[in-house]
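Welcome! Have a go at each task before reading on.

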Amino acid sequence: MSNLQPTESTAQECAAADSARVLETYPAHETDLGHMRIRRILPVRQRRMIGPWCFLDRYGPLSFTHEKPMDVAPHPHIGLQTVSWLLSGEIIHHDSLGTEALLRPGQLGVMTAGRGIAHTEETPVENTGRLNGVQLWVALPDAHRNGPPAFGHHPTPPVLEEPGVLVHVILGDWMGRHSDGAAYSPMVGAELTVHPGLSTALPLRPEYEHALVVLSGDAAFEGQSLQPDTLYYLGAHRGEMQLSTRAGAQVLLIGGAPFGETILMWWNFVARSQEEIAAARADWEQHVRFEDVRAYHGARLRAPQLIGRPITR
């Protein structure tokens, strides 16, 4: 998935922030992904990273007939991983490695961009007429950000049942279960399905910072009602969280050790310097470094203009 049009023309510097025992609230803002309206939940100006997680888009739930709601033309990435997770519907992924993967609900798609990859995401011709999901980005640490690109399709991520909740471990590890998706930093990403009329207490790693997003239903965190399409930052130093619901809820948990490196984000790139971003942009425009996505029938995206110097956050 692509940023498409950056809200700022300069690259943004993202440093790990100090964490305390807090509950910060950041509503999403709406933007466009091609012809599809989405809600961008991360980054926000006040909170650009949660552990290594640096980007979160929420789309759907959508119902359609002959439309093609997702049609993201070929675009490049460096220095990050894309994490695709569906609640309903289908997405077909193609990339410049020649990968084709049909993603369905409960299946994990992880693309490691490394030094450079291009990909597309589309609603397949054969579909259920529904689309509902999230895409996240993970910043790669310096030791791995220039490695070879790769894609992993994992049809059966770990699932565990705890009192009052069903947990899908999307990426990283939690409660002794490890995702098969490649992870290069200490992190967790999990979908929590809280059963109707119940309350549950779940362990957290105190050394991690965490955040919650309600995907569906009604949920409360330690008695405080949570709204959909909102990032709730829990901070660090928490060993447990309490979730409750009246009618049932799906909640996304993301977290990780505070990222010990300052990154620059611009368009679809995560880098460490303005020069790296400028070089990646030039390579994309000049058809260098990034191979074509041959399975896509149509033009690829043009990179926006890069203006000015990075802004420190």
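**Exercise 1. A turn between two strands**

In the hairpin of β15 and β16, which residue takes a positive phi?

*Solution.* Keep in mind from the start that this is a predicted model.
- Step 1: find the hairpin of β15 and β16, which has 2 residues between the strands.
- Step 2: look at phi in this hairpin; Met 175 has a positive value, near 55 degrees.
- Step 3: check the pairing. β15 and β16 (residues 177-178) are antiparallel partners over 2 bridges, and Asp 173 is found opposite His 178 of β16.

**Exercise 2. The other partners of β15**

Find the strands β14 and β17 and describe how each pairs with β15.

*Solution.* 
- Step 1: begin with β14, residues 159-162, which pairs with β15 in the antiparallel sense over 4 bridges. Within this pairing, Leu 160 has Val 167 of β15 as its bridge partner.
- Step 2: look at the connection. β14 and β15 make a hairpin with 2 residues between them, and Gly 164 in the turn shows a positive phi of about 85 degrees.
- Step 3: move on to β17, residues 187-194, which runs antiparallel to β15 and is joined to it by 7 bridges. Here Val 167 has Leu 192 as its bridge partner in β17.

**Exercise 3. Enclosed or open?**

How many of the 10 residues of β15 are buried?

*Solution.* 
- Step 1: locate the strand at residues 165-174.
- Step 2: apply the cut-off, since a residue counts as buried under 20% relative accessible area.
- Step 3: count. 9 of the 10 residues of β15 are buried, so the strand is largely enclosed by the rest of the structure.

**Exercise 4. A sheet of four strands**

In what order do the 4 strands of the open sheet that includes β8 lie?

*Solution.* 
- Step 1: read across the sheet; the order is β6-β11-β8-β9, with antiparallel pairing.
- Step 2: compare directions. On average, neighbouring strands of this sheet are turned by 20 degrees against each other, direction ignored.
- Step 3: pick out one pair. β8 and β11 (residues 117-122) are joined in the antiparallel sense by 4 bridges; one of the residues to look at is His 94, whose bridge partner in β11 is Thr 120.

**Exercise 5. An enclosed space**

Which residues line the largest cavity?

*Solution.* 
- Step 1: count the cavities. The structure has 1 cavity of 30 Å³ or more, and the largest cavity holds about 40 Å³ of space.
- Step 2: name the lining, which consists of Thr 82, Ser 84, Ile 91, His 93, Leu 103, Gly 109, Glu 121 and Phe 151.
- Step 3: sort the lining by class to get 3 nonpolar, 4 polar and 1 charged residues.
- Step 4: trace the strands. β7 (80-89) and β8 (91-95) each contribute at least two residues to this lining.

**Exercise 6. Backbone details**

Where is Trp 267 found, and what is its phi?

*Solution.* 
- Step 1: go to the loop between β25 (263-266) and β26 (269-271), where Trp 267 is found.
- Step 2: read phi; Trp 267 is not a glycine, yet its phi is positive, about 50 degrees.
- Step 3: check accessibility. Trp 267 is buried, at a relative accessible area of 1%.
- Step 4: look at Arg 289, in the segment after α1 (274-285). Arg 289 also has a positive phi, near 75 degrees, and counts as partly exposed at 36% relative accessibility.

Terms used: Residues are numbered from 1 along each chain as its sequence is written. This is a predicted model: local features need pLDDT of at least 70, side-chain atom pairs count only at pLDDT 80 or more; totals for chains, interfaces and linings use all residues. Side-chain values use heavy atoms; hydrogens and water are left out. On a 1 Å grid over the protein atoms alone, a cavity is a set of points where a 1.4 Å probe fits but cannot get out, and a pocket is an open set with protein on both sides within 12 Å along at least five of seven lines; lining residues have an atom within 4 Å of a point. Grid points are joined across faces, edges and corners, and a volume is the space filled by probe spheres set on the points. Ala, Val, Leu, Ile, Met, Phe, Trp, Tyr, Cys and Pro count as nonpolar, Asp, Glu, Lys and Arg as charged, and the others, Gly among them, as polar. Two strands pair if DSSP finds at least two bridges between them. Axes are lines fitted to C-alpha atoms, for helices over the stretch in contact, and angles run from 0 to 180 degrees between N-to-C directions. Buried means under 20% relative accessible area, exposed over 50%, partly exposed in between (1.4 Å probe, protein chains only).
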